[in-house]
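Visitor: I would like to learn how to read side-chain contacts in a model. Could you walk me through them, please?

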Amino acid sequence: MGSVRRWIATHPNIWEFILFNVLSNISTASRFIVLWCLTPLFVKAMGLTSPFHFMFYNYDVAAGGLGTFLATIIAEIIAQTVNFFVQMKWVFKSDSSFKDAAWKYVVLAIIIIIISGFAPSYISAWATSAGFGGAASTLNAVFNTLMAVIVSYPLLKFWIMPKNKK
């Protein structure tokens, strides 16, 4: 383990990015589990398949309608809540106050939720028309995860959870 620790000490930023990605899987797992539970509940069991259109959200029947929209938004809110605590405590080990970081993270989460709210309707419609309807929730979660990494890492590191120099 000595060589691993030396590498981490020599490359702290690369290690932080690796840790960010690995530990983000905790929120990713939360997102998948919630989507896998809520999508069939809302769409199949409750029949919430009526089209849902609001601003840039376009959940028609092929995309699962209101049920898929609700499942996606709820899954993202839960995933972002989990991610806040994982990133602040385990990845960035930020000494920012909870109050200062929380409101900034809410801004980031809203950006991510907006992205994660509109794109899956198009992904679901495509997956269904291409014969991959059963994988639509998984494809949505993969897209949302990739977008969360691209958008959130720099904002978390430099704005939301910076380490203060002591």
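Guide: Gladly. Helices (H or I, at least four residues) and strands (E, at least two) are DSSP runs, numbered from the N terminus.

Visitor: What should I keep in mind about the model itself?

Guide: This is a predicted model, where local features need pLDDT of at least 70 and side-chain atom pairs count only at pLDDT 80 or more, while totals for chains, interfaces and linings use all residues. Residues are numbered from 1 along each chain as its sequence is written, and side-chain values use heavy atoms, leaving out hydrogens and water.

Visitor: Are Glu76 and Arg31 buried or exposed?

Guide: Both Glu76 and Arg31 are buried. Buried stands for under 20% relative accessible area, exposed for over 50%, and partly exposed for in between (1.4 Å probe, protein chains only).

Visitor: How many salt bridges does the structure hold?

Guide: Side chains of opposite charge can pair when their charged atoms come close. The structure holds 3 salt bridges. One of them joins Lys157 to Glu16, with the closest N and O atoms 2.5 Å apart. Lys157 lies in helix H5 (residues 136-160) and Glu16 in helix H2 (residues 12-45), so this pair ties together parts 141 residues apart in sequence. Glu16 also forms a salt bridge with Lys163, at 3.6 Å between the closest N and O atoms. Lys163 sits in the segment after H5, 147 residues from Glu16.

Visitor: Why does Lys163 count as partly exposed?

Guide: Because its relative accessibility is 48%. Glu16, at 7%, counts as buried.

Visitor: And how do I read aromatic pairs?

Guide: A pair of aromatic rings is described by the distance of the centres and the angle of the planes. Rings of Phe, Tyr and Trp (its six-membered ring) pair if their centres lie within 6.5 Å; planes under 30 degrees apart count as stacked, over 60 as edge-to-face and the rest as tilted. A search of the whole structure finds 15 aromatic pairs. Among them, Phe20 and Phe92 have ring centres 6.3 Å apart and planes at 50°, so the pair is tilted. Both Phe20 and Phe92 are buried.

Methods: Salt bridge = Lys/Arg side-chain N within 4 Å of Asp/Glu carboxyl O.
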